Structures are given as structure tokens and as C-alpha cells.
Amino acid sequence: MVTPAHEERRATVLEGPVSRLGHSLLPAVLLAVGMALLVAIIGLIAVAAHDWIEGRRDLRAAQDVAATRRAPGGPSPSISKAGDELSWFSADDYPRESLRRDEQGTVTVRWTIGVDGRVSECHAAQSSGFPRLDAVSCEVLVKRARYYPARNAQGQPIASTRQRRITWRLPEA
């Protein structure tokens, strides 16, 4: 028995291997692409959450230190936002003229921290013997120092003072 040509084509298209392959791969490809997008979105959310948590942890640590050091009914100390004050100084801060003249020494600086957490006043309480080194010590603190300000017993920010020795040493030759 002979069948018309148009019927054969229809049977091949509907029942052939290309048709089955095309119908079974499309949902699998869409599922794989959807899963990849979901994994990428979850990864981005995890990174953003980690950064947010780290920022909150730093703030909480500073607040915890302030709370544990607070005298009952007395003011809390100012807490540095960036760790130890010495971390604000680098070899690039050494005055060129002081390097040229072999000036080195230790200066004791005293500074005031305002209610905004910035250094408002700074002076050498005990000089290094070299005015340039004394001056640059205060310049660095005024420029880079940031604090969580001290607070009074009512929790309001208040001005406070700090004092620290800073040693300027010439590089080893």
C-alpha cells in the first residue's frame, strides 16, 4: 500500500528522534539556566550579608569596649575607629627635612577629641627636641584620627583628651 508523501513527512516529524530530543532537552536546559541564576543570586546575597555583618561587628566591638571601660556614673572613654593610633602613621609621614638632618626622637602628644569624634586640638606635651617631628605628629592625628566619642552618664557625646608617645626613628642604613 502506498501512502501520500505529505503523510510520511508528518509521521517523521511527529515521531522522529529529532522531535523527541528537542522536546526533552528544552525543559532540562531551562532548569539548568534557572538553577545557575539562583545560585549566583544566593552567592551575591551571601557576600552582601557578610560585609554588612562585619561592619556591624566592628561597631559592636567598639561599643562593647566602651561599655566595659565606663566607670559607673562616669564618662566612657573615646574609642578609635581604626584601631591603635600608631597605625595612622607611616614612613611616608617622616618629614624630608628631618630625614636630611638625621632628626629622630620621641614626642608625647596630647590631643582633644570633640563630640564629632575628630581631633580638635593637639600639642606636644613633651617635645622630641625637633619641632618638625612634634608638628607632624599632630598633623597626622588631626588628619587621620577618627573616634567614637566619649559619652557622659546620660549617653550624650562629650569632648575628651588622649595622650600618647610617638617615636620617630631614622631608617636603618
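This is a predicted model: local features need pLDDT of at least 70, side-chain atom pairs count only at pLDDT 80 or more; totals for chains, interfaces and linings use all residues.
Local features are taken at pLDDT of at least 70 and side-chain atom pairs at pLDDT 80 or more, while totals for chains, interfaces and linings use all residues. Residues are numbered from 1 along each chain as its sequence is written, and side-chain values use heavy atoms, with hydrogens and water left out.

**Exercise 1. The whole protein**

Task: State how many helices and strands the protein has, and in what pattern they follow along the sequence.

Solution: 
- Step 1. Helices (H or I, at least four residues) and strands (E, at least two) are DSSP runs, numbered from the N terminus.
- Step 2. There are 4 helices and 7 strands.
- Step 3. Along the sequence the pattern reads α-α-β-α-β-β-α-β-β-β-β.
- Step 4. For contacts (heavy atoms within 4.5 Å), consider pairs of residues at least 6 apart in sequence: 70% of these join residues at least 24 apart.

**Exercise 2. Salt bridges**

Task: Give the count of salt bridges and describe the one between Glu103 and Arg132.

Solution: 
- Step 1. A salt bridge is a side-chain nitrogen of Lys or Arg within 4 Å of a carboxyl oxygen of Asp or Glu.
- Step 2. By this rule there are 4 salt bridges.
- Step 3. In the pair of Glu103 and Arg132, the closest N and O atoms are 2.7 Å apart.
- Step 4. Glu103 sits in the loop between H3 and S2 and Arg132 in helix H4, so this pair ties together parts 29 residues apart in sequence.
- Step 5. Glu103 is buried at 8%, whereas Arg132 is partly exposed at 33%.
- Step 6. Another salt bridge joins Glu97 to Arg101, with 2.5 Å between the closest N and O atoms. Glu97, Arg100 and Arg101 together form a network of salt bridges.

**Exercise 3. The surroundings of Asp93**

Task: Decide whether Asp93 is buried or exposed, and find which residues it touches.

Solution: 
- Step 1. Asp93 is in the loop between S1 and H3.
- Step 2. Its relative accessibility is 13%, so Asp93 counts as buried.
- Step 3. Leaving out residues up to four places away in sequence, Asp93 touches Trp88, Val136, Val140, Arg144 and Trp168.
- Step 4. With Arg144, Asp93 forms a salt bridge whose closest N and O atoms are 2.8 Å apart. The two residues are 51 apart and link distant parts of the chain, Arg144 being in helix H4 (residues 131-144).
- Step 5. Arg144 is partly exposed, at 30% relative accessibility.
- Step 6. A polar atom of the Asp93 side chain also lies 2.8 Å from the backbone nitrogen of Ser90.

**Exercise 4. The backbone at Asp102**

Task: Find the value that phi of Asp102 is near, and state where Asp102 lies.

Solution: 
- Step 1. Phi of Asp102 is near 60°, which is positive although the residue is not glycine.
- Step 2. Asp102 belongs to the loop between helix H3 (96-100) and strand S2 (105-113).
- Step 3. Its relative accessible area is 55%, so Asp102 is exposed.

Methods. Buried means under 20% relative accessible area, exposed over 50%, partly exposed in between (1.4 Å probe, protein chains only). A polar contact is a pair of N or O atoms within 3.5 Å; within protein, one must be able to donate a hydrogen and the other to accept it, and residues adjacent in sequence count only if both atoms are side-chain atoms.
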